[in-house]
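Trainee: Please take one part of this structure and go through it closely. I would like to know how its pieces are packed against each other.

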Amino acid sequence: MSLEIGTDMNALQATNEFLRLYWAPLLCGVAVVAILPLIAGYIVLVERKIMADMQARLGPMRVGPHGLLQPIADAVKLLIKEDIIPDNADKLVFWLAPVLSVGAALLSLAGLAIGPAFQIAQDINIGILFVVGISAMGIFGIVLGGWASNSHYSLMGALRSSAQLVSYETAAGMALVSALLLTGTLNVKSIVEAQNKEGIWFVLLAPVAFFTYLVASIAETNRAPFDLPEAESELVAGYMTEFSGFRWSLYFLAEYTNMIVVASVATTLFLGGWLRPFARVPWLSFLDFAPPVLIMAIAAYCVLRVPKQPTRVQQLFMLAVAGLCFVTALVLAVPVVLPIIKPSVREAVAPFYAGIHGGFWFIFKVSVYIYLFMWLRFTLPRYRFDQLMRLGWHFLIPLSIINVLLVGVALIVGAYFHLQGWGLLLVTTPAAILALVAAFFILAVEKGHDARPDQTATSDFYVG
Amino acid sequence: MGPQHPSTHGVLRVKLKLDGERVIGSECIIGYLHRGVEKIAENRTYQQFAPYVDRMDYVAAVSSGLGYCEAVEKLLVVEAPPRARVIRTILTELQRIASHLLWLGTHALDIGALTPLFYCFREREEILKIFEKYCGARLTTHAFRIGGLQYEAYDTLEKDVERFCKDFESRIVEYETLLTQNRIWIGRTKGVGILTAADAIAFGVTGPVLRASGVKWDIRKAMPYAAYDQYKFEIPVGTTGDTYDRYLVRMEEMRQSRLICLQAIENIPSGPIMGKVGKVLKPPPGEVYHAIEAPKGEIGYYIVSDGTVQPYRVHIRPPSFINLQAFDRMVRGHLVADVVAIIGTIDIVLGEVDR
């Protein structure tokens, strides 16, 4: 009898284990695939709104109040569009390319930890390497798509894209190495935990690496001012020129997912992942109340705007948005308010707190990073291809290599004096300053042989 | 490249011979917008043809109109009264600003800066509103008539222009903060599309493109028309004749135009707005060439009269068309990305190139 129970227990445990290992990640994966297009759509909406704000106009206003339903309308439009495959295209590759792109982008999300509890591929010890490697695979989709569509613009866009990725991946990798030197692990969770233990984010310890990664990640995701592969004014739409409807939206999804991925990597490595700002400073613990208060403020703003909505439907919609924010704020408030009312539950709500507040801070930091992307996009003109390559190879890569060396030396010195946490700043700040000096030096050398386009190029030109 | 391409400003088609991404030769294929404007002129009376010239450079219709009206006036040997001339000057200078704003916005957009476009259009909108209040149309205005003006200036014209000029001073600083010292902007425009003074003259290039190459030639100063001889203004010139110089020249021109407008509204003479011309215009047989400084360069009208109500022949010298000829010289040795920058910097309007 007892034996039977034991087997039962074992079986139950095995089932649990099986669930944890296979089904939970699968469900999470399905959730990500289902939700991400929506998130990407709303990032686009936010981007358009921010752009409109910077450009003295309103942006989407027609579909839903303040255009809040615009992404859904866009998605429906894209889905019901005619699916065009050019006659001379390589049909199989043309079909495969966007899928490859979007697949790589979504897969790389699996390695990221949004909070201590939210990670699809639990605890892979090569976490960061996995994410960077898989997201770089997306370039195959772009190159194949550009090649398969059999058009000049597409091919040029694809080639530019691959050259750009190869160049900037190196700089980004070196920047990551600088940060990894500080932890000695590739595991995503351990990296964040290390920042928690030190009580300082790595962006302060390796600012130059963060900067290099920022620039390289913009280039990697093909965002302005490095959006040459899809430079509208030159290559129409680059590698996406011949794609339309659903296929095009897959590329689009891949692009925005990649943005989320690079922003998440930067958040994890440099910005303390899911940690609250100054998590270890006791007198700043009132920041725990920031998330619920912030979201409550959004809810209040929505309620205030209700009377200004022109139609009844839009008023109701606005109220619904306010309600959603209100509920979210309540959920966020529970783990910080409960321990105050009843101190004994502090232990019980701790993982709950870490989970949802971690998620909030992570998403917040990712949003700030993406906002930076957008800001740059609306402000800066586009680089030319040779300038882009020069910036990558002649400036970013030397700078990031020098920085790796300097950070390494700083850490050795730091270890020698047993420096920890904020104390490490004593050695890393001089290293950063040295790296900056190196940067100016590189720039000065660059200016010396500023390659001008060859003016003498001539040819007996005829077109026939 | 083209004719359907986002940055060919209409329907320009450019055949490029490339070595990788480097341009080793180019050929502009034009004519997609050909309407036979010059031929139409031969079957219209002098007054009837006036609105057609607005459809050539449709972003600077007032300037085209001024050139045509003055050419016919020269043929008729009449002069527009002083009041008409001053109002013409104000509107033409506003049009110059509007045209340069459109150029700046689209040029920056071609180079990848999204935002200046909207700022430029915001100010251009103000100018178009003034046009609309004056004559009811925003783009193809047909603002002037042969011999003077059809409409009296509306009551608040001076005030509107003054307000615009006041706002515009800080707005132009805004564009400059976004672009002038921007490293990427300088990188994209400095040394790109160099046109030497000798080349520019040889190609017959006029307008800001010529002045950026260092040639101080502006018909407003050289052969004053309308009321330009009454106002003080500078002619900005460049040194190297690259895209960056052309950018600086046009920015300065907008400032100068603003100053001209301010001077002009200070003292608008009273009096009639229409000269002594009959209902039916029958110029004496003969021929005339009259050119003015349009925003894009010298727009000239060569009109031959045979003494009837219709011109025997009208030939138009469109600045866009002639400036475009220098394109191949400017583009050789550059990259594909520079091609769009150079198309933008010449500031062409295909309606004028093709007529």
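Mentor: An axis is a line fitted to C-alpha atoms, for helices over the stretch in contact, and angles between N-to-C directions run from 0 to 180 degrees. This is a predicted model, in which local features need pLDDT of at least 70, side-chain atom pairs count only at pLDDT 80 or more, and totals for chains, interfaces and linings use all residues. Residues are numbered from 1 along each chain as its sequence is written, while chains are lettered from A and ligands numbered from 1 in the order in which they are written.

Helix α4 of chain A spans residues 127–148 and helix α5 of chain A spans residues 152–183. Their axes come within 7 Å and cross at roughly 165°. α4(A) and α5(A) are therefore roughly antiparallel to each other, a label for angles over 145 degrees. The crossing of α4(A) and α5(A) is left-handed, that is, the near helix is turned anticlockwise from the far one by less than a right angle.

Next comes the contact (C-beta atoms, placed from the backbone, within 7 Å). From α4(A), the residues making it include A:I128, A:V132, A:A136, A:I139 and A:W147. From α5(A), they include A:L155, A:A158, A:L165, A:E169 and A:L176. By class, this contact of α4(A) with α5(A) has eleven nonpolar, six polar and one charged residues. Here Ala, Val, Leu, Ile, Met, Phe, Trp, Tyr, Cys and Pro count as nonpolar, Asp, Glu, Lys and Arg as charged, and the others, Gly among them, as polar.

Now step back to the domains, whose bounds come from an automatic or database domain assignment. Chain A is divided into domain 1, residues 81–272, and domain 2, residues 282–377. The C-alpha centres of domain 1 of chain A and domain 2 of chain A lie 29 Å apart. Where the two touch, domain 1 of chain A gives 16 residues and domain 2 of chain A gives twelve. On the domain 1 side of chain A, the largest share, six residues, comes from helix α10 of chain A, residues 245–270. Sorted by class, that side of domain 1 of chain A has twelve nonpolar residues, three polar and one charged.

Definitions and conventions. Helices (H or I, at least four residues) and strands (E, at least two) are DSSP runs, numbered from the N terminus. Angles under 35 degrees count as roughly parallel, over 145 as roughly antiparallel, 65 to 115 as roughly perpendicular and the rest as oblique.
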